[in-house]
Amino acid sequence: MFNKEKILFIGLISLNIVLASAQTITKPNSHTSIPQINIITTNIPLLLIINDLFDQNVAVQSLLKAGDNPHHFALTIKQRIAIQKADGIIWIGPHFESFMSKVAQSFKSDTLQLDKLDKLVWLSPEHEHHWHKDFHIWLNPDNVKIIAQAMVQYYAQITSDEQDSTQLPLFIERLNQHQKHWQQQLAPYSQQPLAVYHNGYGHLAKAFNLNIKYWVNNGDGHNISIKKRLKLQEALSSGEVPCLLAEPYDKKQQALKLASSVSLPVIWLDPLAYQRQYESYIDWMQHQVDGVLACYQIQFDSHSEAQGVSRHQR
């Protein structure tokens, strides 16, 4: 009787081991059964949005890397091969990214061209006269919500997956919360003039009611005339603006030289997300807002130095 019970006990243990082994095998198989979707996008802020929306089954690659200028960019052979192998392409459009025009036209399926989206928030005709056509649409969170929705629809199109398993509702909710907070932080400074080196912040200005009054480099990548530059230096020397907002990867030395000539500190912004690795789109946008606030803080501190408040610079 004892031997039978012992044999039965050993048999139950063996059966449990077999069942446990079967479970550890089926879990990896069920995970790997999900096909990986390869998406090519043109810049890192768009990549951040895609990563915020989709799980690990979506692999995304940005064509523009740290230091690349979208106005003067050319695709490498390796990048052209990656585009041919991709399941989808998400880009701004040919006016901003001319290097994508031919490959997008010859792509095996539809691409998602963002500047064609309905309901995008563009600058008013009055602002367009000064800003040229500004395609930095990802600098406005209201546009990003529309872009995110279009990305989810595009994913469903290229995968034929009708089930919405994305993080879109959570992404929109978190972005709304942060956007409200950013607007509250920046609202007290809406009348304060700002100066930027690169005139590519029209959408940021519209989103947060910023008064960007001066710039050196037009939105199309060309500098203003010498006559306008002399007037600009005179205006910047007057103390009307607290700092020069610039990008460390776009004519950095020229920006530093100009700022030094008019005794202005420089605050570095990062519109293409090149400066560091960001966790999310919200993390990246927080960096832009912090930069603008740091610029305003310089003026506040300069007015408070008489009371012993230390000057805050970055």
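The following conversation goes through the predicted model shown above.

Biologist: To start, how many helices and strands are in the chain?

Modeller: The chain of this predicted model holds eleven helices and eight strands.

Biologist: And what share of the residues is buried?

Modeller: Of the 314 residues in the chain, 48% are buried.

Biologist: What about contacts between residues at least 6 apart in sequence: what percentage join residues at least 24 apart?

Modeller: Among those contacts, 57% join residues at least 24 apart in sequence.

Biologist: Let us turn to the open sheet. What is the order of its four strands?

Modeller: The order is β6-β5-β7-β8, and the pairing is parallel. At the edges are β6, residues 211–217, and β8, residues 266–268, each of which pairs on one side only. From one strand to the next, the twist averages 30°.

Biologist: How many bridges join β7 and β8?

Modeller: Three bridges join them in the parallel sense, with β7 covering residues 244–246.

Biologist: Which strands does helix α9 touch?

Modeller: Helix α9, residues 226–237, packs on the sheet and touches β5 (193–198) and β6. The direction of α9 makes about 135° with that of β6.

Biologist: Then which strands does helix α10 lie across?

Modeller: Helix α10, residues 252–261, lies across β5, β6, β7 and β8.

Biologist: Is His-198 buried or exposed?

Modeller: His-198 is buried, because its relative accessible area is 8% and the cut-off for buried is under 20%.

Biologist: What does the side chain of His-198 make a polar contact with?

Modeller: The partner is the side chain of Glu-247, at 3.1 Å.

Biologist: New topic: Asp-115. Where is that residue found?

Modeller: Asp-115 is found in the loop between β4 (112–113) and α5 (125–131).

Biologist: Which side chain of opposite charge is nearest to Asp-115, and how far away is it?

Modeller: The nearest is Lys-116, which is 6.5 Å away. Asp-115 is buried yet has no salt bridge. The side chain of Asp-115 does make a polar contact, with the side chain of Gln-113 at 2.7 Å.

Biologist: Leaving aside neighbours within four places in sequence, which residues is Asp-115 in contact with?

Modeller: With those neighbours left aside, Asp-115 is in contact with Ile-92, Gly-93, Pro-94, His-95, Leu-120, Trp-122 and Phe-135.

Biologist: On to salt bridges. How many does the count come to?

Modeller: The count comes to three salt bridges. One of them pairs Lys-145 with Asp-142, where the closest N and O atoms are 3.3 Å apart.

Biologist: In which helix do Lys-145 and Asp-142 lie?

Modeller: Both lie in helix α6, three residues apart, or about one turn of the helix. Lys-145 is buried at a relative accessible area of 15%, whereas Asp-142 is partly exposed at 33%.

Biologist: Which residue forms a salt bridge with Lys-213?

Modeller: Lys-213 forms a salt bridge with Glu-240, and the closest N and O atoms are 2.8 Å apart. Lys-213 lies in strand β6 and Glu-240 in the loop between α9 and β7, so this pair ties together parts that are 27 residues apart in sequence. Lys-213 is partly exposed, with a relative accessible area of 41%. Glu-240 also counts as partly exposed, at 26% relative accessibility.

Biologist: And which residue meets Asp-283 in a salt bridge?

Modeller: The side chain of Arg-276 meets that of Asp-283, at 3.3 Å from N to O. Arg-276 counts as partly exposed, with 40% relative accessibility.

Biologist: Which backbone oxygen does the side chain of Thr-159 reach?

Modeller: The side chain of Thr-159 reaches the backbone oxygen of Tyr-155, at 2.6 Å.

Biologist: How far apart in space are Thr-159 and Ile-37?

Modeller: They are 7.9 Å apart, C-alpha to C-alpha, while 122 residues apart in sequence.

Methods. Residues are numbered from 1 along each chain as its sequence is written. This is a predicted model: local features need pLDDT of at least 70, side-chain atom pairs count only at pLDDT 80 or more; totals for chains, interfaces and linings use all residues. Side-chain values use heavy atoms; hydrogens and water are left out. Two strands pair if DSSP finds at least two bridges between them. Helices (H or I, at least four residues) and strands (E, at least two) are DSSP runs, numbered from the N terminus. Axes are lines fitted to C-alpha atoms, for helices over the stretch in contact, and angles run from 0 to 180 degrees between N-to-C directions. Contact means heavy atoms within 4.5 Å. Buried means under 20% relative accessible area, exposed over 50%, partly exposed in between (1.4 Å probe, protein chains only). A polar contact is a pair of N or O atoms within 3.5 Å; within protein, one must be able to donate a hydrogen and the other to accept it, and residues adjacent in sequence count only if both atoms are side-chain atoms. Lys and Arg count as positive and Asp and Glu as negative; His and the chain ends are not counted. A salt bridge is a side-chain nitrogen of Lys or Arg within 4 Å of a carboxyl oxygen of Asp or Glu.
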